[in-house]
Amino acid sequence: MQTNPQFIRVLAASAFVLAIAAAIVGLPSTKSRVTIDTHELARIVEAEEDHVDAIELAEWIKAGKSDLTIVDLRSRAGFDSTRIPGALNVSLRQLDSALRKTQTIVLYSEGGVHSAQAWFLLKALGYPKVFFLKGGMKEWESEVVYPMFDAGLSSEERTQRTELSKFFGGEVGERRSNEAKKIPAPRKKSVAPKQKPEQQPERDPFRQVC
Amino acid sequence: MNAPFFKYGLFGAETNLVMALVIGIGFGFFLERAGFGSGMKLAAQFYFRDLAVFKVMFTAIVTAMLGVFWLSYFGLLDLSLVTPPPTYVIPQLVGGLIFGVGFVMGGYCPGTSCVATITGKRDGLVHIAGMIGGIVLFGELFPFFESFYTLTPLPQANLSDVLSIPYGTLVLIVTLAALAAFVGAEKIESRLRAD
């Protein structure tokens, strides 16, 4: 099959012109410009629809919620030492390339500052179902894995929390009425099943920031 | 509407597979129409007798590069969501060498071996068997290869970063190199034909 030489010359000239223009323009994309509906975000925060608590998340995992993606924003070392089962270790800069908008995303960090910041980034980028874990990893450990029960806790809640603690490989303790609330230190090094860490891109030259 | 469509959640995993099938069939069709269902034609490039493969592949690279650049510039493609696979220099050099030797010896690469098989060539089928066998073997023996596989990482390297050249300038350089290579390839082919 012979191609018209004239057509090939037109194609080559087009490529040349587009390439010259590319050199003049310099960069393929400008920083992303997103429109943030601050009123809507404020409404979500006020209605407390921006976060889940540790027990709610534990119930989701136990029930096998299918579209759930849990994101650990802590350092690699922290993630390797202990993590919420099934979590992915993703840094703030990698968030957008590692996730999909169709997923229900729960973000957690050590305390909660980074996860709240990540929540804002993802909401600004238009992710519809994003939550952060209230109290972060600390609350996960103290509320789900190694909970301390107050004397006044109902028996139903006691049973539910004990089951959750067992499910996640922890154990429960009793708090005496005059004992100050304190977070028990984890008694096991890791509560999560060992997983092969996912290969994550180290950096993205075209990372967009809002 | 903004690309990449899958990342933006415009369609789900099932639709994604259907799209992959449609694009794959289209890719195979054009490979066949370019004559790449023939192992003889493909192997001829390594003897400089027929540089069609070289020209088609370089054309594809330049077309994709210019397309991605300008789609991104006009906001139709979000480049931050296009994740190129990480680079591991030594293992990928070794992999490329094995791939090249296989290509010269057999006359097919993975895509063209499928095209050859569909068009009724038995040597293409042998290649597919080898390809699947290789994949299974590699998967099963991966723990032995793993330390080598992740040697010399250069995650998500692109030429613009490595050479510290502005992105647009690099696009111009690659395009000029391609145009020069096409002219050179035509000359080599016509000289060999004259001989």
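I will walk through two chains, A and B, taking the sheet of chain A, then a helix contact between the chains, and then one helix of chain B.

A word on the model before we start. What we have is a predicted model, in which local features need pLDDT of at least 70 and side-chain atom pairs count only at pLDDT 80 or more, while totals for chains, interfaces and linings use all residues. Residues are numbered from 1 along each chain as its sequence is written, and chains are lettered from A, with ligands numbered from 1, in the order in which they are written.

Let me begin with chain A, which holds eight helices and seven strands, where helices (H or I, at least four residues) and strands (E, at least two) are DSSP runs numbered from the N terminus. Of its 210 residues, 26% are buried, meaning that 20 or more other C-beta atoms, placed from the backbone, lie within 10 Å of the residue's own.

Five strands of chain A form an open sheet in the order β1-β5-β4-β2-β3, with parallel pairing; two strands count as paired if DSSP finds at least two bridges between them. At the edges stand β1 (51–52) and β3 (88–89), each of which pairs on one side only.

Now to the contact between the chains. Helix α1(A), residues 5–25, and helix α8(B), residues 167–194, have axes that come within 6 Å and cross at roughly 160°, the axes being lines fitted to C-alpha atoms over the stretch in contact and the angles running from 0 to 180 degrees between N-to-C directions. The two helices are therefore roughly antiparallel to each other, a term used for angles over 145 degrees.

The contact, counted where C-beta atoms placed from the backbone lie within 7 Å, involves residues of α1(A) including Ala12(A), Phe16(A), Ile20(A) and Val25(A), and residues of α8(B) including Gly168(B), Val171(B), Leu172(B) and Leu179(B). By type, the residues of this contact divide into twelve nonpolar, three polar and no charged, where Ala, Val, Leu, Ile, Met, Phe, Trp, Tyr, Cys and Pro count as nonpolar, Asp, Glu, Lys and Arg as charged, and the others, Gly among them, as polar.

Chain B itself has eight helices and two strands, running α-α-α-β-α-α-α-β-α-α from the N terminus on, and buried residues make up 17% of its 195 residues.

Just after α5(B) comes Gly120(B), which takes a positive phi of about 90°.

Notes
Angles under 35 degrees count as roughly parallel, over 145 as roughly antiparallel, 65 to 115 as roughly perpendicular and the rest as oblique. Two residues are in contact if their C-beta atoms, placed from the backbone, lie within 7 Å. A residue is buried if 20 or more other C-beta atoms lie within 10 Å of its own, exposed if 12 or fewer, and partly exposed in between; C-beta atoms are placed from the backbone.
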